[in-house]
Amino acid sequence: MYNSSVIGGSVSISGNRLFIYEVKGLGSIAGSIAPVRQSGSTFVTVPYQRMAEETRRIMRMGGEIVSIRPANGDMPTVPVAQVAPAAKKPMAETKAKAKKPGANVPINIYKPKTPYLGECLSNEALVADGGIGLVQHIKFDLSEGDLAYVEGQSIGIIPEGTDENGKPHKLRLYSIASTRHGDDVDDKTVSLCVRQLTYNHPESGETINGVCSTYLCNLEPGTKVKITGPVGKEMLLPDDPDAKVIMMGTGTGIAPFRAYLWRMFKDKEREANPDYTFNGFAWLFFGVPKTPNILYKEELEEMQAQYPDNFRLTYAISREQQNSEGGRMYIQHRIAEYADELWSLIQEEKTHVYICGLRGMEGGIDEALTAAAAKTGTDWTDYRKGMKKAHRWHVETY
């Protein structure tokens, strides 16, 4: 015997039984079990254990599932809209390939052989007392050149001096932390969020400071800096003011998200963008080691307080908070806590997901979303690939 009941608008079915799909839009379905053509519909008999797989295949082929019913006829026909989520049309798999964004964004206005010389206007510490490491917010003047950019892009910095072989240092790329109008909303500046890189020499154990990050973190205002770019189309913010934007970042990975959020919620920015008034939903997951390491904390929390219906802020503070297993709270644990809610949002066509920060953080995020998607009969890896093709899944890690 099998059990079947309608609960909260969905059908819960258990047991190894056969179900009949009524499908429109296909003459026949090669490879399906017992397809029958009748009155413009195709009737397909499917075992319970293959329902999710067969549903996705029908949708990919352009078919419309009108209803699903048990093959033995003990239950009346059930509209497909009421069947468990496995029978829903996966957005990422069935949506036509989206037009690639960024066709009109500026790219490589200044190249390494002909960089722009931008004056450092300010260099301010972002880590509060008691925090770990050195992170600076650095603003450069663009008024003497043609360097333009949009949120989500990066610029290159060529540090002064030469390497151990006497050759000029190579450029390093940094995500832009300001909107296209700059921190002063006058189209004359660009800002970076830079952490001084330090590591131990693998043989001597000596502490080594990163060349470019140390150069930038110690810049004196008034210094001219070689700047290239801008580059990058992977992290562009959608133009849609009703979009839903999920951001997952660690440390200085906050840089592009600061640009997004300032564009969305800062009063002067909203005044400067009459054609873009954000009415959607933004959710930032931000991972840091300690509270003093929450970069731009006051401004983030001020925006959340001002726009509580549009901006949600969730911290993962590893050395102060514990995960459900009693260990340190990292960003992947926060994603796991909210995985079901996130998966529901991700299935909406207007939702974009952005990941920025240390390489390796994607693994824990994928694990959490795999479990959530599986509850609806969806393979997360396939779905994520579909999101990538639709330009709704954006990753920039280092």
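Start with strand β12, residues 189-195. Six of its seven residues are buried, so the strand is largely enclosed by the rest of the structure. Buried means under 20% relative accessible area, with a 1.4 Å probe and protein chains only. Strands are DSSP runs (E, at least two residues), as are helices (H or I, at least four), numbered from the N terminus.

This is a predicted model: local features need pLDDT of at least 70, side-chain atom pairs count only at pLDDT 80 or more, and totals for chains, interfaces and linings use all residues. Residues are numbered from 1 along each chain as its sequence is written, and side-chain values use heavy atoms, without hydrogens and water.

Find V135, opposite R195 in β12.

Next, select the open sheet β18-β17-β16-β19-β20. Its five strands pair in parallel. β18 (311-317) and β20 (393-397) are the edges, each with a single partner strand, so one side of each lacks a neighbour in the sheet. Within the sheet, seven bridges join β16 (244-250) to β17 (281-288). M248 stands opposite F285 there. Now show helix α10, residues 380-389. α10 touches β19 (351-357) and β20, where contact means heavy atoms within 4.5 Å.

Finish with helices α4 (254-265) and α6 (297-306). Their axes, lines fitted to C-alpha atoms over the stretch in contact, come within 11 Å. Show L261, W262 and F265 of α4 against E299, L300 and M303 of α6; these make the contact.

Definitions and conventions:
Two strands pair if DSSP finds at least two bridges between them. Axes are lines fitted to C-alpha atoms, for helices over the stretch in contact, and angles run from 0 to 180 degrees between N-to-C directions. Buried means under 20% relative accessible area, exposed over 50%, partly exposed in between (1.4 Å probe, protein chains only).
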